[in-house]
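Subject: Handing over the structure

Dear colleague,

Please find below the structure that we spoke about, followed by some notes on what was found in it.

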Amino acid sequence: LYQKDGREACTNWKYYVGTGPFIISDYIPANLVALDRNPNYFKKDPIGPGQGNQLPYLDKVRYVVIPDRSTQQAALRTGNVDQMGGFLGFTLEEKTLMINQVPALKVAQRGAGLVSPIFMRVDKPELPFYKKAVRRAMMMATDFQTINKSLYAGLGDLVSWPYRYAPAYADLYLGLDDPECPDSVRELYTYNPDKAKELLKEAGYPTGFKTTLTITAVQADYYSIIKDQWAKVGITLDLKVIEGGALIGTAASQAYDMISIFFSPVFTYPEQAQYTTGTGWLNCSLISDPYIDEQAKKTKEAAITDFGPAMKITKELMKYVLDQAYCIPTPAYPMYCLWWPWLKNYSGETSVGYAPGDSWVQYVWYDQALRKSMGY
């Protein structure tokens with residue numbers, strides 16, 4: 001471990017060296033990350049009105065840590081923050097309220113949000129959901145349509161695992177309105193508690209069963225709804241609430257029966273870590289199916305030269321994967337980015353390229369005169 005002046009360099013931000021557009025100039029834990037322009041940055045603006053200009057445009061960038069959601073929004077509403085999006089994106093309800101309060105704000109729909117889905121261990125015969133019939137019963141005992149209408153104004157995509165809809169990957173997405181979607185898959189997303197009870201009885205659980213779902217506090221409200229719905233078919237759900245860091249540790253150590261945690265997003269395709277054998281804790285249901293692995297291998301081989309054929313193989317595979325009900329998904333609902341008009345050359349991006357975070361920041365500039373004319 002490299003040390004400088006007796007201090008461990010890898011744990012001190014002052015020793016960080018990189019090639020990015022900005023350099024960390026200050027860091028206050030749980031409060032602020034301050035960045036200054038890198039005068040030796042190598043990139044130039046590749047397109048648009050600033051084509052050929054040296055990047056970045058901004059002299060300084062400040063990331064302010066504000067834990068409270070209402071305080072975050074107040075900071076944007078009062079012009080103390082210039083942009084909010086990405087992980088801090090707005091729901092439809094939040095976006096509508098903000099625009100009504102501050103019509104000058106600009107808005108764009110960017111990406112989708114969702115509550116982390118439920119993964120259930122399918123590798124342990126002693127657990128109820130080892131049986132496909134039980135997993136299908138749990139799906140049919142979940143009223144996805146009502147949840148989507150009441151929480152997301154009906155705008156959510158019900159099929160969000162293992163892939164949510166994304167325009168660039170539309171050819172692999174198997175939606176419920178797709179003519180190719182099997183009836184056995186559509187059935188899973190149709191609320192049918194009577195059929196769920198029949199399946200539980202056939203699987204040997206005529207009075208239901210009790211199980212524990214490990215979650216974090218931010219998921220508790222959503223899964224309280226699921227708990228109530230499942231109770232109607234005899235499934236007693238105990239919600240075990242733990243801290244976020246502990247949740248990752250629990251997933252990695254496989255110390256759970258059911259867990260709600262994030263999973264590989266669509267842009268990791270064709271990695272398929274969420275359903276192939278031996279892909280670690282991102283495959284939290286511990287799926288190990290020879291047919292899936294065989295088709296996934298074909299997908300990866302095809303993707304080396306052409307994503308088109310690869311996505312066709314994947315879409316065909318989804319007819320089988322979704323039918324197995326390996327995961328209880330949650331609706332993927334629209335999220336919105338809001339910003340002030342003095343942020344120029346910006347149209348609501350949350351990232352540019354393959355999940356690089358706020359890479360868009362290097363391409364934007366600031367109209368101080370406009371900000372002042374607007375009274376801020």
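Over the face of which residue does R69 lie? R69 lies over the face of F90, at 5.4 Å from the ring centre, where a charge sits over a ring if NZ of Lys or CZ of Arg is within 6 Å of the ring centre and within 35 degrees of the ring normal. The charged end of R121 likewise sits over the ring of Y256, 5.4 Å from its centre.

Before you read on, note that this is a predicted model, in which local features need pLDDT of at least 70 and side-chain atom pairs count only at pLDDT 80 or more, while totals for chains, interfaces and linings use all residues. Residues are numbered from 1 along each chain as its sequence is written, and side-chain values use heavy atoms, with hydrogens and water left out.

The structure holds 20 aromatic pairs, meaning rings of Phe, Tyr and Trp (its six-membered ring) with centres within 6.5 Å, called stacked if the planes are under 30 degrees apart, edge-to-face if over 60, and tilted otherwise. One of them is the edge-to-face pair of F119 and W161, with 6.5 Å from centre to centre and 80° between the planes. F119 is buried, at 0% relative accessible area (buried means under 20%, exposed over 50%, partly exposed in between, with a 1.4 Å probe and protein chains only), and W161 is buried too, at 3%. Y163, Y169, Y269, Y275 and F307 form one aromatic cluster.

Finally, a search of the whole structure finds zero disulfides, a disulfide being a pair of cysteine sulfur atoms within 2.5 Å. The sulfur of C284, for instance, is 9.4 Å from the closest cysteine sulfur, in C327, which is too far for a bond.

Best wishes
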